[in-house]
Amino acid sequence: MSDDPTAETAAGEPTSTSTVDSAEHDENGPDANNDTTVSVEREPDLRDDDAPDPEEVPLRVDGLRKEFGGITAVADASFQVEAGTLTGLIGPNGAGKSTTFNCITGVHEATAGTVTFRGEDITGLASHTVANRGLVRTFQIAREFGEMTVLENLMLAPGGQRGESLWRSVLPFVRDDVVGQESELRERCWETLEFFEIDHLAHEFAGNLSGGQRKLLELARALLTEPDVLLLDEPFAGVNPSLEERLLDHIHELRADGYTFLIVEHDMDLIMDNCEHVVVMHQGSVLTEGPPETVRKDEDVIEAYLGGDV
Amino acid sequence: MSTADSPLAALWERDAVKIGVLLAGIYLAYVLVGVVLDYGVRGQLNSIATLTFYVALFALLSLALNLHWGYTGMFNIGVVGFMAVGIYVMAVVSKAPATEAAAGSVGGLGLPLWVGVLAGTVAAGLLGLLVALPALRLRADYLAIVTVAMSEMVRFTFLSGTFQRFEVGGLVIGFGGGSGLLLDFGSPVEQLFDALFLGGVYDGLVGLTGTVIENNPQPVTNGLLYGALLLGAVGLYYVVLGRLGNSPFGRVLKAIREDEDAANALGKDTKAFKTKAFVLGCALMGLGGILWYMTSGAITPNTYRPRLTFFIWIALIIGGAGSNTGSVMGGALFAALLFQGPRFLQSVVNNLVDVEAPSTFGQALAPIAGAGDLAPLGFYVIDSVRQLQLIVMGLVLIFLMHRRPEGLLGHRKEPAASVELERRPDRETPYADGGETDE
């Protein structure tokens with residue numbers, strides 16, 4: 001399954017290595033104060049450093065195709081996301097970005113092609129399985145659990161909660177174990193709330209939050225699942241400039257802590273300014289990819305996406 | 001999160017107090033009416049026993065339904081089917097074996113009562129699993145269609161001649177078809193006391209009742225004790241479901257109710273959670289069915305019509321879906337005011353005046369036109385209370401949906417966690433500004 005990426009992806013490869021060797025806690029991160037308690041003890045270097053593929057390129061999409069009836073939403077998408085990068089996925093409306101996202105995360109089943117995550121084929125797995133492997137997404141329109149408090153929203157997210165088993169949550173004695181784990185979890189959630197500066201909203205119903213706050217909540221929630229790669233579907237849509245700045249700061253900070261991001265976004269400038277690597281989709285396939293400077297000057301991109309005008 | 005400013009209000013914040021006050025109020029009202037009408041001790045005790053019976057059962061069943069609808073958002077309108085399976089399986093397991101097959105009698109396996117109760121509960125759970133496997137892929141209204149169809153299938157199965165009686169290993173068993181089953185296993189209360197080696201206590205209690213009632217105190221005692229047993233069951237359901245809700249398990253259920261896809265995207269296997277919650281709720285409904293009908297002497301399939309399901313739904317909606325405390329209060333209110341209330345009122349009026357109800361609506365209206373005499377209409381209304389009851393329930397439901405869809409205690413902040421979610425007191429504050437957000 002892991003044959004060479006297509007010519008297009010190969011073209012982008014050598015240029016996007018700035019943070020490839022799984023940046024632990026060094027460089028980048030514009031104003032990253034590394035005392036953030038959010039970053040869970042993660043071990044990005046589980047495998048030996050020399051093996052290039054799964055470690056440096058956690059997410060790989062090969063020849064992805066998705067048809068809805070007679071419509072081909074994604075024709076042939078191939079790209080890869082390198083560890084520790086902010087990778088942007090852009091393209092005009094209907095380019096197939098969201099469908100690609102949904103195929104990667106198991107919401108849709110791809111018609112053809114493979115998705116490889118950390119060296120394993122995850123094509124067609126159920127979305128909760130994909131999430132548990134460490135590939136977690138957020139939604140274009142924030143999907144908070146409205147009638148649950150903000151803190152409850154966060155407490156839900158972490159995996160491996162013992163109290164999620166029915167008998168453990170009810171029976172005496174074993175429940176103490178659950179309570180113990182919950183107390184630890186509560187601390188982590190409060191820290192996350194503080195990191196995202198929404199701790200004053202902890203006991204508010206999530207449905208009462210403003211659009212921007214919901215986006216923060218969703219990012220915080222996704223983060224608490226301890227993912228390796230985060231897929232953000234238009235995280236800045238409907239967010240005011242000052243909050244957008246804050247969200248970006250958080251993302252850079254987290255990236256510096258070793259998280260990897262794939263971001264779908266409409267805002268060309270935002271992607272160009274913040275991502276090391278940009279994938280441009282058009283009419284269901286990858287038009288080009290590479291560092292922002294290259295993509296910005298690409299004739300095809302200008303033609304297809306910007307209507308011939310930068 | 002007690003924002004109460006007086007100790008009394010603080011007390012009211014506690015859920016047990018809410019339930020206690022409501023129950024006390026209901027009982028007081030019933031007793032007062034009984035006193036005014038000079039019911040006598042026997043009448044009073046019987047009326048209390050009946051009231052307790054229905055209060056407890058509606059509380060039990062709305063608690064079980066709350067697990068489905070209030071927590072998980074699963075629209076189950078086949079409650080009565082699971083109740084029927086519970087009591088029927090229990091009956092078949094615990095009935096005495098048929099002695100003479102030729103006489104057409106239908107027997108059971110003759111196992112002890114507790115085995116029957118367990119078997120009935122498990123059977124209802126298994127039926128739940130059977131329904132859940134294909135149906136939980138469906139959302140909201142489609143699940144509703146499947147469950148209500150299932151409950152009717154259950155009723156017709158018990159009604160069918162095919163399963164009326166058949167022989168298994170020399171025993172004649174069956175569901176009795178349209179003529180139903182006789183529940184010939186004696187008083188569960190007596191058996192429970194005997195099983196716990198408390199036969200002496202039981203006799204003592206009967207004797208105690210005998211001091212206030214001279215003739216035949218045993219049925220009255222049984223009724224009261226069974227009521228107490230049911231209240232105990234409510235307590236058990238309440239604790240178990242409360243623990244279930246206030247745990248990570250309950251949190252996932254709530255998340256499924258709010259947005260199943262998002263819960264999935266966070267790595268929760270929502271189908272597994274839904275199946276577990278559905279099966280457990282169905283088993284609890286089965287047990288509810290058993291407790292409801294095991295003392296009724298006989299069961300027939302046509303008791304288990306969808307109407308009963310909707311009674312339980314109304315109870316849950318009154319109390320407020322999503323809250324266990326609300327479910328209990330809703331069950332109690334429904335039983336006291338809407339279910340038992342009108343019948344109680346009817347017997348009160350019958351006791352008070354000599355009701356001479358006209359036989360048709362026309363005859364009831366005619367005197368108004370003639371002499372402006374409202375009494376015949378009043379009598380007619382009292383006489384048709386059981387029919388009118390349904391209209392009143394419908395009106396209450398419409399009113400609630402319109403004015404207060406969240407019920408008494410719905411939409412209340414009841415964080416699903418096994419610990420208090422307050423911030424730890426000794427925390428350091430790395431972000432002193434507390435974080436101003438936009439707007």
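Which residues touch the most other members of the largest nonpolar core? In this predicted model, where local features need pLDDT of at least 70, side-chain atom pairs count only at pLDDT 80 or more, and totals for chains, interfaces and linings use all residues, they are B:Leu57, B:Phe58, B:Leu60 and B:Ile87, in a core of 188 residues. Residues are numbered from 1 along each chain as its sequence is written, while chains are lettered from A and ligands numbered from 1 in the order in which they are written.

A nonpolar core is a set of buried Ala, Val, Leu, Ile, Met, Phe, Trp, Tyr and Cys residues joined through C-beta atoms within 7 Å. A residue is buried if 20 or more other C-beta atoms, placed from the backbone, lie within 10 Å of its own. Helix H3 (residues 40–71) of chain B gives the largest share of this core, 16 residues; helices (H or I, at least four residues) and strands (E, at least two) are DSSP runs, numbered from the N terminus. The core also draws at least three residues from each of domain 1 and domain 2 of chain A. Leaving aside residues up to four places away in sequence, B:Leu57 touches B:Leu230, B:Gly288, B:Leu291 and B:Trp292, a contact being two C-beta atoms, placed from the backbone, within 7 Å.

Chain A has 12 helices and 10 strands, and 48% of its 310 residues count as buried. An automatic or database assignment divides chain A into domain 1 (7–34 + 54–144 + 225–305) and domain 2 (153–208). Between these domains, five residues of domain 1 are in contact with seven residues of domain 2.

The contact between the chains takes 47 residues from chain A and 39 residues from chain B. On the chain B side, helices H9 (218–245), H10 (248–258), H11 (260–265) and H12 (270–293) each supply at least two residues. H10(B) gives the most, with seven residues.

Within chain B, helix H7 (residues 188–195) packs with helix H8 (residues 199–212) at an angle of about 135°, their axes being 7 Å apart. Axes are lines fitted to C-alpha atoms, for helices over the stretch in contact, and angles run from 0 to 180 degrees between N-to-C directions. H7(B) is therefore oblique to H8(B), the class left after angles under 35 degrees (roughly parallel), over 145 (roughly antiparallel) and 65 to 115 (roughly perpendicular). B:Glu190, B:Phe193 and B:Asp194 of H7(B) meet B:Gly199, B:Val201 and B:Tyr202 of H8(B) in this contact.

Definitions and conventions
A residue is buried if 20 or more other C-beta atoms lie within 10 Å of its own, exposed if 12 or fewer, and partly exposed in between; C-beta atoms are placed from the backbone.
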